[in-house]
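Trainee: Could you walk me through this one slowly? I'm still new to reading models.

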Amino acid sequence: MISEFRLKHGEGRVTLDATLTRIAHEQAAAMAAKDRLDHDVLGRFNARVSPAGAGRAAENIAYGYDSFPKTLDQWINSSGHRRNLLMKHASRVGIANVKSSATGRTYWAMVIAGDYGRPKLTNVVQQAAAAKPKARTKEACRIKILSICL
């Protein structure tokens, strides 16, 4: 259903991903256990999603809907959630729902991710540090003040 929505709006399909599904399930289960809709119930999203290895990721959460079509419809009709569903270069998704034992409410979490081919920032920094600095070419000095060539 997510892929169909994305295709209608000029974006590519997404495939179900086991790692993202696990991350989504942990989020939904934590929200259900605490009976609280909260992106940070398990900690910051960036830390939770890092095991997926994606260059970009986003999360949608919801509660109270008894089916995925109703949940998806709510996300589609919310600008922020819609933007996440239509994330550029997204290729994978994970979705989960868990029912609260206290209230019977169903909590939903979806993690969508992409840019898996992009190098990690740490790799770029390491490569730059390993590269030898370029030798400066000598320029003629017209005036030298305090060892500064002008």
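This is a predicted model: local features need pLDDT of at least 70, side-chain atom pairs count only at pLDDT 80 or more; totals for chains, interfaces and linings use all residues.

Trainee: OK, what order do the four strands of the open sheet come in?

Mentor: The order is β1-β3-β4-β2, with mixed pairing. Strands here are DSSP runs of E with at least two residues, helices are runs of H or I with at least four, and both are numbered from the N terminus; two strands pair if DSSP finds at least two bridges between them.

Trainee: And which strands stand at the edges?

Mentor: Those are β1 (15-16) and β2 (56-63), each of which has a single partner strand, so one side of each is left without a neighbour in the sheet.

Trainee: How do β1 and β3 pair, parallel or antiparallel?

Mentor: β1 pairs with β3 (residues 90-99) in the parallel sense over two bridges, where T15 has R92 as its bridge partner and L16 stands opposite V93. By contrast, β3 and β4 pair in the antiparallel sense over nine bridges, and V98 is partnered with Y107 in β4.

Trainee: What sits between β3 and β4 in their hairpin?

Mentor: Six residues lie between the strands, and in this hairpin G104 takes a positive phi near 80 degrees.

Trainee: Switching topic, which strands does helix α2 lie across?

Mentor: Helix α2 (residues 18-34) lies across β1, β2, β3 and β4 (106-114), running at about 30 degrees to β3. Such angles run from 0 to 180 degrees between N-to-C directions, with axes fitted to C-alpha atoms, for helices over the stretch in contact, and contact means heavy atoms within 4.5 Å.

Trainee: Last one: what lines the second largest pocket?

Mentor: Eleven residues line that pocket, and N46, V49, S50, A54 and G55 lie nearest its centre. A pocket (on a 1 Å grid over the protein atoms alone) is an open set of points where a 1.4 Å probe fits, with protein on both sides within 12 Å along at least five of seven lines, and lining residues have an atom within 4 Å of a point. The elements giving two or more residues to this lining are α3 (45-49) and β2, and α3 gives the most, with three residues.

Notes. Residues are numbered from 1 along each chain as its sequence is written. Side-chain values use heavy atoms; hydrogens and water are left out.
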